[in-house]
Amino acid sequence: MNLAMQFYLTTLLVFLGVNVLACWGLNLQFGVAGVINFAFVVFQAIGAYTTAVLSMGPDTAYGGFQHYILGNKLPFPLPLLIGTAVGALLGLLLGMIGLRRLRSDYEAMVMLVVSVIATKFVTSDTGLLNGPAGLALIPHPLASTLGLAPIDYAWFYVGLVAVSCALCYVVVHRITNSPYGRMLRAMRENERAAVALGKNVAAMRLAVFAVGGGIAALSGGLLAGFIGAWSPGGWLYVETFTLFTAIIVGGMGSNLGAVVGALLVPVVFLEGTRFLPTIGSSEVMAGLQWIVIGLLAMAFLWFWPRGIVPERRSAYAPGELPSQGSHPALPLERHSS
């Protein structure tokens with residue numbers, strides 16, 4: 001395999017791993033708990049920016065051509081871990097504002113507005129995170145320490161992303177396949193019934209919002225470290241709908257479905273449009289990608305609403321009681337409070 005093909009393959013694998021992480025985070029919030037987070041890409045962005053500024057050093061280090069706050073040069077993996085923690089903290093803060101007293105449809109609108117405001121705020125203030133130009137020359141983690149050739153480092157980064165995915169899967173799997181995960185699904189299906197069982201629904205929503213935000217920030221930090229740059233143009237609110245489509249296609253509430261959706265939508269379908277014959281201008285081809293996303297979402301919601309890998313539902317034989325610590329399935333009708 002020649003070098004060009006290896007670089008292309010490693011880039012696809014890194015993007016696949018990053019999208020798998022993001023889909024797991026969003027699936028935990030939306031697919032499992034029923035929390036509609038249209039500001040999900042903001043959590044990816046905060047993870048990317050935090051990882052970047054904590055690894056680049058002061059903004060005077062590169063001749064002052066870009067300006068940002070909190071410049072520091074911490075050793076890896078501290079910037080990535082702090083970026084993940086900041087994403088989780090942001091999830092708590094936004095959750096307390098937008099999740100505690102609002103119905104699900106209003107929650108979605110609040111998160112969409114938050115996403116738009118965040119983009120405009122970062123773009124308009126050049127002293128915060130370098131404005132619309134974003135950040136460049138983000139150091140590649142451990143590149144100077146390892147001293148590898150570019151292609152060898154690319155394969156190393158694939159391994160780093162794979163390890164991150166494995167650790168994240170352990171966390172997500174333990175949450176979704178536990179009694180707590182069953183209560184998250186109960187909250188998704190019928191919030192009032194979950195409250196009737198004595199569960200603190202507000203606390204559960206906050207917790208899952210924070211965990212999902214941390215996973216999103218981790219994916220953003222890994223992506224920024226790989227491409228070496230991050231700008232507001234890469235985290236517009238419409239990017240969130242790509243991940244929503246991936247979850248719908250793969251199977252809402254299914255961890256394996258999130259992997260399948262991340263493979264099919266951002267990698268196969270969106271990347272596949274690059275190999276289509278050029279039709280008109282580049283703007284037309286870019287619009288074609290969003291047409292594919294919209295058609296996929298509508299087709300699966302209409303013909304295959306459970307996705308390719310449906311969520312596994314617990315079933316009990318007649319007269320059989322669930323084991324201690326578990327809860328029987330609740331009605332599928334959801335009531336907004």
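**Figure 1. The N-terminal end of helix H1 is capped by Asn 2.** In this predicted model, a side-chain oxygen of Asn 2 lies 3.4 Å from the backbone nitrogen of Ala 4. Helix H1 covers residues 3–32.

**Figure 2. Helix H1 is kinked, with the kink centred on Leu 26.** The kink amounts to about 35°. Counting 1.5 Å a residue, the 30 residues of H1 should span 44 Å, and the end C-alpha atoms are 41 Å apart, which agrees. Gly 34 follows H1 and has a positive phi, near 80°.

**Figure 3. The largest pocket holds about 790 Å³ of space.** Its lining consists of 24 residues, and those closest to the centre of the pocket are Phe 15, Asn 19, Glu 239, Pro 266 and Leu 270. Helices that give two or more residues to this lining are H1, H2 (40–56), H10 (201–227), H11 (239–250), H12 (255–272) and H13 (282–303). With 6 residues, H1 gives the most. By residue class, the lining of the largest pocket comprises 14 nonpolar, 7 polar and 3 charged residues.

Figure 4. Of the 337 residues in the protein chain, 46% are buried, where buried means under 20% relative accessible area.

Key:
Residues are numbered from 1 along each chain as its sequence is written. This is a predicted model: local features need pLDDT of at least 70, side-chain atom pairs count only at pLDDT 80 or more; totals for chains, interfaces and linings use all residues. Side-chain values use heavy atoms; hydrogens and water are left out. On a 1 Å grid over the protein atoms alone, a cavity is a set of points where a 1.4 Å probe fits but cannot get out, and a pocket is an open set with protein on both sides within 12 Å along at least five of seven lines; lining residues have an atom within 4 Å of a point. Grid points are joined across faces, edges and corners, and a volume is the space filled by probe spheres set on the points. Helices (H or I, at least four residues) and strands (E, at least two) are DSSP runs, numbered from the N terminus. Ala, Val, Leu, Ile, Met, Phe, Trp, Tyr, Cys and Pro count as nonpolar, Asp, Glu, Lys and Arg as charged, and the others, Gly among them, as polar. The expected span of a helix is 1.5 Å times one less than its number of residues. The bend at a residue is the angle between axes fitted to the seven residues ending there and the seven starting there. A polar contact is a pair of N or O atoms within 3.5 Å; within protein, one must be able to donate a hydrogen and the other to accept it, and residues adjacent in sequence count only if both atoms are side-chain atoms. Buried means under 20% relative accessible area, exposed over 50%, partly exposed in between (1.4 Å probe, protein chains only).
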